[in-house]
Each structure stands twice: as structure tokens, then as C-alpha cells.
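Here is my note on the model, point by point. Please keep the structure open while reading.

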Amino acid sequence: MDLMYSSTRNDKIKMTASAAILKGLADDGGLFVPETIPSLDISMEELAEMDYQETAYAVMSRFFTDFTEEELKNCIRRAYDSKFDTEEIVPMTSADNAHYLELFHGPTIAFKDMALSILPHLLITSAKKNNVKNDIVILTATSGDTGKAALAGFAGVEGTKIIVFYPKNGVSPIQEKQMVTQKGDNTFVVGINGNFDQAQTGVKKMFNDSALSAELDAAGFQFSSANSINIGRLIPQVAYYVYAYAKLFKKGVVAKDEKINVVVPTGNFGNILAAFYAKNMGLPIAKLICASNENKVLVDFFHTGAYDKNRDFILTSSPSMDILISSNLERLIYRIAGNDAEKNKKLMEALASEGRYEITEEMRAQLSGFYGNYASEEETAAAIKKIYEDCGYIIDTHTAVAASVFHKYQTETKDQTKTIIASTASPFKFTRSVMTAINPEYDSMDDFELADELSKIGHVKIPRAIEEIRNAPVLHDVVCEVEEMPEVVKEFLKVK
Ligand SMILES: *Cc1c(COP(=O)(O)O)cnc(C)c1O
């Protein structure tokens with residue numbers, strides 16, 4: 001019997017994993033969730049001996065049951081290969097009384113690579129399994145980071161094309177350079193004369209344009225999205241928590257069944273939800289510590305039971321966590337509502353209409369495994385400086401939010417449980433914020449000088465992703481108006 005997926009807003013929907021991956025979001029606007037969380041029925045001794053790919057298979061095969069062993073292993077092999085700069089894929093560094101799980105060794109040096117390097121393969125395999133003959137065209141609007149990670153994931157993947165729209169004057173010079181130098185015949189990067197919201201709205205319009213869909217279908221294409229709420233992005237992230245625990249066990253750092261805490265710097269709630277799924281599979285996790293930056297809507301939610309996005313949006317030095325609607329939280333809400341789609345739907349409707357909802361006491365009681373706190377900008381910078389000075393280890397701003405919250409948690413609770421901190425980006429990705437946290441005088445250097453200096457003082461090699469963009473030629477120079485987006489798509493696909 002296959003594990004089926006239903007929508008968080010409609011219990012009647014039942015789909016296989018591959019159909020849910022292809023569909024992305026349910027028609028009712030809900031997110032796909034597995035009907036039950038499978039248990040991790042493999043001994044820790046066995047897991048301890050597995051490499052990353054084997055662990056990924058052990059975890060993913062329990063969720064994606066309609067994939068054959070060959071299909072799933074093929075996806076995993078193509079995803080977690082030499083695109084990563086270390087064979088371990090996710091190495092761990094022990095520093096400052098914690099174990100930093102480095103999720104940033106992929107092509108764009110941030111944790112989104114963990115999911116976006118496998119999603120293209122899961123998508124094309126799902127298409128084949130469901131008799132979809134068309135090529136899959138990924139449309140994405142990006143404010144910077146996701147666009148590059150999606151480009152890197154889909155580049156060169158047969159049966160797919162990827163088109164990324166970004167606000168021409170709304171991303172950092174490094175982010176733009178990363179995107180416009182992207183190689184691969186199936187990639188297409190377009191700057192638009194507009195802001196991120198306009199790019200996003202333009203993409204949504206194309207998804208809902210049935211005339212455009214029909215034209216594309218006739219030419220052998222169909223749209224899909226690499227959005228972070230796709231279940232095909234969430235499940236691969238469960239694997240690294242299992243892998244990390246198993247490696248700590250193998251090294252004798254944790255005893256058999258010894259519980260650990262996990263700290264996750266959180267934005268859209270995907271990464272920490274993956275840790276929650278790992279815990280529900282049976283991985284010995286005590287507390288899930290949710291770390292926010294100054295956009296602390298989740299902290300308030302854990303403290304009060306009220307989710308309220310009606311507040312100022314704050315730009316911080318950890319931009320990938322500057323989020324007021326954490327989409328993946330819906331999967332947790334559904335769960336603590338007792339897998340009650342009706343109840344969840346009402347709350348999400350309140351969020352859409354009033355920007356706020358409040359959960360019941362009964363639901364709140366089920367959140368006892370979570371702890372939420374946040375770090376201010378000053379605290380984030382101070383954490384980078386302190387860990388560098390104490391341990392010589394340089395962490396990025398997002399990871400520093402987690403490190404800061406970890407210390408607040410320990411001070412507050414005196415809990416000395418061994419702890420994994422999800423390290424979500426390389427310090428080379430946010431060089432200026434990181435280096436000026438260590439010494440404000442670094443601000444006079446340009447971006448590449450800063451990278452060289454970081455490499456020197458941190459004794460770490462400059463990642464390939466940074467070296468590459470130093471001299472890479474610009475391969476994409478199309479700029480268009482918002483209204484021209486559909487025309488640009490058709491031209492690229494040579495439709496008409
Ligand atoms: C996306 C991202 C996060 C937030 O992860 P979520 O799954 O959205 O909670 C944290 N750090 C970095 C560097 C990211 O790119």
C-alpha cells in the first residue's frame with residue numbers, strides 16, 4: 001500500500017507522492033502532507049555506517065513509496081554528487097558547545113541547494129510515472145537567492161527548462177552576477193523593469209492563463225513551480241537530520257537513543273518542519289528550537305498561540321529569514337489540529353482575510369516540543385564575533401541568529417542537552433555583514449577583497465561558487481517590461 005498525500009485544506013484529496021510532487025500546491029490552496037509519518041525502521045547501528053546518499057534513500061523511500069528503488073536512487077545519485085564540494089555532502093563542525101551541521105556545501109553555498117538539487121529529478125521522474133509527455137517549464141520570480149539555487153538545480157536537466165524573473169534593480173550586484181552568468185541551454189534569466197511583487201504577480205498570472213497553457217501544451221510544454229511548499233522539497237531535508245544524528249552516534253558523541261536538541265534559523269518554516277518530521281519518524285530529538293531574526297512573528301506565535309502578520313516588515317542582515325508568512329507552518333497547524341482539514345482551512349482563511357489567527361489551548365499543548373526565540377541585529381553580529389574570537393570558526397548571519405538563540409535558550413533553561421545547529425549559509429555568501437561583525441573597518445574593502453580576507457582569517461578555501469563569478473561571462477542580458485513576460489516566455493520556448 002502506497003503512502004498517500006492529502007491536502008491540508010481538504011481530507012478527500014488522496015494522491016501518490018509523485019502526483020503531489022507534480023502538482024506542487026493542491027487546487028484548494030492547501031499543502032500536500034503524508035497521511036502518516038512513516039517510522040524510521042532501521043537500527044542506528046546501520047544508519048551510522050551509511051553515506052549521505054544511502055541515508056537519503058533510507059529516509060525518502062519511506063515517504064515516496066510509489067517510486068521504484070531504481071528511480072529514487074537515480075534521483076539521489078544525480079542530486080548529491082560533485083556539485084557539492086565535499087563527499088560528506090553535509091559535514092559537521094563542532095564549535096562553541098554545539099555541532100554545526102553545514103548545509104551549504106552545494107552549488108550556491110546555501111541550504112536551499114539541499115532540496116533544489118534533487119527536486120528537478122523528482123519532478124521529471126514524477127512526470128514520467130504519471131504519463132506526462134510534455135517538458136516541464138519552471139517559472140520562478142526571485143528576490144535573489146531562490147532563483148540562483150533553482151537555476152543551478154535545473155541547469156542541464158533533460159526534460160526541463162527554467163525561466164527566472166528578477167527585479168532588474170532589486171537584487172544585490174553579487175546575486176545578479178550569480179544569475180546572469182548561469183550556464184545551461186535550458187536556463188533563461190530575465191530582468192524586469194519592476195519590483196519583486198510585480199515579478200511574482202506576473203508569474204502567477206502566467207500560471208493561471210489557460211490560453212497560454214493551451215498554447216504551451218500544443219508545443220509540448222507545461223508549467224510547474226519550484227516553490228518551497230512542494231513536498232518534493234520538504235522530504236529530502238528530513239534526511240540530513242537523520243544523517244547528522246547517525247554520525248554523532250558513530251563518533252560516540254551521543255549514546256544510543258540519547259536525545260539531542262536541534263536549532264534551526266527559520267523563515268518559511270520548511271527546514272525546522274523537516275526536523276519535526278525526523279523526530280516523528282523516531283529520531284531522538286528533544287527540543288526543536290526555532291530561531292527568528294527581528295521579524296519574530298513565529299516567536300510571538302509560540303509564546304501566545306496567536307499568529308499575527310500585521311506588523312512592520314524589517315530588512316535584516318539575514319534576508320532569507322525576512323518573512324512574515326511562514327508558509328510551511330500550515331503543515332504543523334494541520335497536524336496539531338488533529339489532521340483536521342476543516343479546522344486548518346478556517347485558520348488559513350482568517351490569515352488571508354485578517355492577517356491573523358489564534359489556535360486553541362488544546363492545539364497549543366502540542367507545541368511543547370518547540371521553543372521559539374529571536375536575535376536582534378546587534379546580537380547576531382555579536383554572535384559572529386564571539387564565535388570567531390573563541391573558536392576561530394566563522395559563521396554566516398543566518399546561522400548566527402541560531403547561535404544567539406541557542407545561548408539564550410541555554411541561559412534561560414540551563415538545559416545542557418547536546419545540540420545540532422543547522423548552519424544554512426556559507427559566510428562567503430554574506431561576506432560584508434559577516435566581516436564587519438568581526439571588525440567594522442572591513443567595510444572599506446570591496447566584495448572580492450572581503451572574500452579573500454575571510455578566507456585568510458578563517459582558514460577556509462574560497463568556495464567555487466564565489467571564484468566562478470569573479471570572471472564568469474554574462475550569458476543572460478534580456479530585460480523586459482512586466483506586461484511582456486508571457487511574450488518573452490514564448491520566444492524562449494520558440495512557441496508560435
Ligand atoms: C531559506 C533560508 C532560511 C530559512 O529556511 P526556511 O526553510 O524557509 O525556514 C535560512 N537560512 C538561509 C540561508 C536560507 O536560505
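1. Lys168 is partly exposed, at 28% relative accessible area (buried means under 20%, exposed over 50%, partly exposed in between; 1.4 Å probe, protein chains only). Glu176 forms a salt bridge with Lys168, with the closest N and O atoms 2.8 Å apart (a side-chain nitrogen of Lys or Arg within 4 Å of a carboxyl oxygen of Asp or Glu).

2. The model is predicted: local features need pLDDT of at least 70, side-chain atom pairs count only at pLDDT 80 or more, and totals for chains, interfaces and linings use all residues. Residues are numbered from 1 along each chain as its sequence is written, and side-chain values use heavy atoms, with hydrogens and water left out.

3. Arg432 pairs with Asp447 in a salt bridge, closest N and O atoms 3.0 Å apart. Arg432 sits in helix H19 (residues 431-438) and Asp447 in helix H20 (residues 447-458), so the bridge ties together parts 15 residues apart in sequence. Helices here are DSSP runs (H or I, at least four residues), and strands are runs of E, at least two, both numbered from the N terminus. Arg432 is partly exposed at 28%; Asp447 is partly exposed at 31%.

4. Lys129 forms a salt bridge with Glu71, closest N and O atoms 2.7 Å apart. This pair links distant parts of the chain: Lys129 is in helix H6 (residues 119-129), Glu71 in helix H4 (residues 69-79), 58 residues apart. Relative accessibility is 27% for Lys129, partly exposed. Glu71 is also partly exposed, at 23%.

5. Glu215, Glu487 and Lys490 are linked in a salt-bridge network. The whole structure holds 28 salt bridges.

6. The chain has 22 helices and 16 strands. Buried residues make up 58% of its 496 residues.
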